[in-house]
Amino acid sequence: MGELRIRENKSRAFTTGLPQCLADSSVLAFNVVSGCLVDCHYCKYQTKDPTRADSVHLYTMLGQQVRDELASMSRRNCLPQMVLFNTVSESFFGNALANQVAGEVIEALFAAGVYVNLTTKGLMPRSVMEIASRSPHLITVTVNVASLSESFHRLFEPRVATPADRFLMIRRLREMGVPVRGRIEPLIPTENDSPKDIEALLARFRDVGVKDVVVAYLHYGVDVANRLARRVSRVQTALLGPWYRGPNGETVHLVDKEYRKRKYAEFKQIAQRYSMRLLVCACRNADIFSGRCFVMPAPIKAPEKKVLFKE
Ligand code: SF4
């Protein structure tokens, strides 16, 4: 497990590192920590610097910093329409201070009327769930569960909270009136993408009150391939490699297009049988789909200018 270093402020609380489908929108990204202690073996965000997981920075004054930055944006009429929370890291990794900072930031965003789109593989503490439940019209929580299989968990994401705990969290959030979506990512050929795997996951999501689920295959590429080769058994990576090989033997980012199309069609049929909606992440499948799989709030209206004098 890497070392957690405590800092006060970031140079800027928000960033513009967004998925392609949101690039031209009034949306900002936010992360409580730099780096990620969950450190999933397939994570493309942690490939830039292989030592990143050894020094994760937690910023304790982010609540105040976010309030200040939002106040300044409000004065300039440029509040974001939405903030994506946890874009390149996981806040809910079981640290009380990180939980507290996350709660303070969500409260600050709600106070400014900014919609929060929070994605997690972790466990939100009760205190943060209660904050979310006070403004359910301003938040969607997306909970990612890639597989129910213990071997998948051990092999690819050993520090992620167990599926049972995440489904329990979803149930509590739904009971508290918080909107929740599911996400199944990354799909990895032959590891977790059989119709049986998907059906089992969709059934669990439906049982805890989730109707919309977003799916996407693993985004591979040379950096992720090298990271997996370092961390996952060679036999496993040798089995995975051929799925991500182009016509000239080069490593490619995505599984074959026709394979993905066929699989997504299969998964959608299963979802229909469960009266659920299965959405495919267009950013991860730009060669097949376009559009957004995010819940988008109505744009924030600029305050009306007061008319001081009438003619
Ligand atoms: S929790 Fe998310 S950001 Fe953190 S390592 Fe896993 S995939 Fe990457």
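Guide: The place to start is Asp-39, which sits in the loop between β4 (33-34) and β5 (55-59). The model is a predicted one. Although Asp-39 is not a glycine, its phi is positive, at about 55 degrees. Asp-39 counts as buried because it has 21 C-beta neighbours inside 10 Å, and the cut-off for buried is 20 or more.

Asp-39 also belongs to the residues around the ligand. Among the others there are Cys-36, Val-38, Cys-40 and Cys-43, along with Val-88, Ser-89, Glu-90 and Lys-121. Sorted by class, this shell holds six nonpolar, two polar and three charged residues.

Asn-86 is found in the loop between β6 (82-85) and α2. Asn-86 is not a glycine either, yet has a positive phi of about 75 degrees. With 23 C-beta neighbours inside 10 Å, Asn-86 therefore counts as buried.

The loop of Asn-86 leads on to α2. Helix α2 (residues 96-111) packs with helix α3 (residues 126-134) at an angle of about 5 degrees, and their axes are 9 Å apart. The two helices are therefore roughly parallel to each other. On the α2 side the contact is made by Asn-99, Ala-102, Gly-103, Ile-106 and Glu-107, and on the α3 side by Ser-127, Val-128, Ile-131 and Ala-132. These contact residues divide into five nonpolar, three polar and one charged.

Technical notes: Residues are numbered from 1 along each chain as its sequence is written. This is a predicted model: local features need pLDDT of at least 70, side-chain atom pairs count only at pLDDT 80 or more; totals for chains, interfaces and linings use all residues. A residue is near a molecule or strand if its C-beta atom, placed from the backbone, lies within 6 Å of it. Ala, Val, Leu, Ile, Met, Phe, Trp, Tyr, Cys and Pro count as nonpolar, Asp, Glu, Lys and Arg as charged, and the others, Gly among them, as polar. Axes are lines fitted to C-alpha atoms, for helices over the stretch in contact, and angles run from 0 to 180 degrees between N-to-C directions. Helices (H or I, at least four residues) and strands (E, at least two) are DSSP runs, numbered from the N terminus. Angles under 35 degrees count as roughly parallel, over 145 as roughly antiparallel, 65 to 115 as roughly perpendicular and the rest as oblique. Two residues are in contact if their C-beta atoms, placed from the backbone, lie within 7 Å. A residue is buried if 20 or more other C-beta atoms lie within 10 Å of its own, exposed if 12 or fewer, and partly exposed in between; C-beta atoms are placed from the backbone.
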